[in-house]
Amino acid sequence: MSSCGAWLHRLASGTRCGAQASRYSRRHHGERALHAGLRPQASSATGTAKPSSTETKPRPRILSGVQPTGTLHLGNYLGAIRGWTALQHEYDAFFCVVDLHAVTLPHDPAALQASTRSVAAMYLAAGIDPAVSTVFVQSHVSAHAELTWLLSCATPLGWLRKMIQFKEKSKKTGEEVGTGLLTYPVLMAADILLYQPDLVPVGEDQRQHLELTRDLAERMNSLYGGKRGKKLGLRGSRLFRVPEAGIVDRGGRCMSLLDGTVKMSKSAESDASRINLLDPPDLIRKKVQRAKTDAQDGLRWGDPDRPEAANLLTIYQTITGRPQEEVAEEVAAMRWGTFKPLLAEALVEHLAPIQQRYADIMADPQTLDDILEKGAEAAGAVAHQTLDDVKKAMGFMLPHKSR
């Protein structure tokens, strides 16, 4: 067995159990120590009272995930997954592969199954540790789909019609647009609210969906919480914690290699527009060499007329972990012919160990399955507790064993 394989088996046996994962953080919304390039989004929500100084304060909880569509690229890594590896040591972290979101548009079933496993493996290869984080596949926890229906029944149609992503994607599909694309934000709300997180790391493009989540949490708390809910067996005064947004700083945002004004995307038609995390070294060098640049002398940030320069410099700075001032001094007198090989080699060097760990993980499918199974058990313990509270508050009769 490879050293990575042995490491995986230790992680699989050490994955935290459901009881540990079901801790409910009840800290005040105002108390935050945010790390790894996140900043809190201003919130008007009121939280619960702070625990007394004699109590042990549980870690605040976060939740995030990535769709298993296409191939994970540098933007997914720098803008999300790499940040999670630091956050997992400061927060009670839940990271899921959101496969239910991957079927809102036509898809290949076999490709979805393979991609779901691949994304989970990449989480681990990039440094997500299942011994300290809960790593699971969304569809393995049935509470996601069930809570989506309950929330849908309380969601005004007008709220969903305002969602920008629905408007944009429905234009492309016309009359063939599926209902799932319209109700996608309700599923996202269910994903979040099931785990009662304090913070949700999101990009700017998901801010509107998180605002809908917050609105839904407040609406459900108003409709079914308080004294009314307690009479029906609700444990607390509210159904859902209203989560805050941790907006990812632009330093971790990658733009297309072919257009510095457009975000790097899995759905972009040209593969040359992105660095995929599993691209071999020669392909990385080729893509960087062909990346769009300009004819101006000198490399620097801060010029709005040079978005491609800012993008490539930001990728270099982020991947090397060096201060912007230091990088600016290093590249000030360079031309693109000198800088591009420097960037390419930095990318190759950074991604090589991740790619090796990924290969080892994929070569040991049983261990990966064990990790995801334990993660689903831990996530399910939290999710079904929330779901049962919602059902009680809405007047459903629970099975005797659930009471």
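Predicted model: local features only at pLDDT ≥ 70, side-chain atom pairs only at ≥ 80, totals over all residues.

Trainee: How are the rings of Trp 84 and Phe 95 arranged, stacked or edge-to-face?

Mentor: Look at the angle between the planes: under 30 degrees counts as stacked, over 60 as edge-to-face. Here the planes of Trp 84 and Phe 95 are 10° apart and the centres 4.7 Å apart, so the pair is stacked. Trp 84 sits in helix H3 (residues 74-87) and Phe 95 in strand S3 (residues 92-97), so the pair ties together parts 11 residues apart in sequence.

Trainee: And what about Trp 84 and Tyr 123?

Mentor: Try the angle again. For Trp 84 and Tyr 123 the planes are at 85°, with centres 5.3 Å apart, so that pair is edge-to-face. Tyr 123 belongs to helix H4 (residues 109-126) while Trp 84 is in helix H3, so this pair links parts that are 39 residues apart in sequence. Together, Trp 84, Phe 95 and Tyr 123 make one aromatic cluster.

Trainee: Why does Tyr 123 count as buried?

Mentor: A residue is called buried when its relative accessible area is under 20%. Tyr 123 has 0%, so it is buried. Trp 84, at 2%, is buried as well.

Trainee: How many aromatic pairs turn up in the whole structure?

Mentor: Six of them. A ring can also have a charge over its face: Arg 219 lies over the face of Trp 159, at 5.7 Å from the ring centre.

Trainee: Now the cysteines. Is Cys 153 buried or exposed?

Mentor: Over 50% counts as exposed. Cys 153 has a relative accessible area of 53%, so it is exposed. Cys 96, at 1%, is buried. As for disulfides, the structure has zero.

Trainee: What is there to notice about the phi of Gln 196?

Mentor: The general idea is that most residues other than glycine have a negative phi. Gln 196 is not a glycine, yet its phi is positive, about 50°. You'll find Gln 196 in the loop between helix H8 (179-193) and strand S5 (199-202). Its relative accessible area is 5%, so Gln 196 is buried.

Trainee: What does the whole chain look like?

Mentor: The chain has 15 helices and six strands, and 49% of its 403 residues count as buried. Among contacts between residues at least 6 apart in sequence, 78% join residues at least 24 apart.

Notes:
Residues numbered from 1 in each chain as written. Heavy atoms only, no water. Helix = DSSP H or I, 4+ residues; strand = E, 2+ residues; numbered from the N terminus. Buried < 20%, exposed > 50% of the residue type's maximum accessible area, 1.4 Å probe, protein only. Contact = heavy atoms within 4.5 Å. Disulfide = S-S within 2.5 Å. Phe/Tyr/Trp six-rings, centres within 6.5 Å; stacked < 30°, edge-to-face > 60°. Lys NZ or Arg CZ within 6 Å of the ring centre and 35° of its normal.
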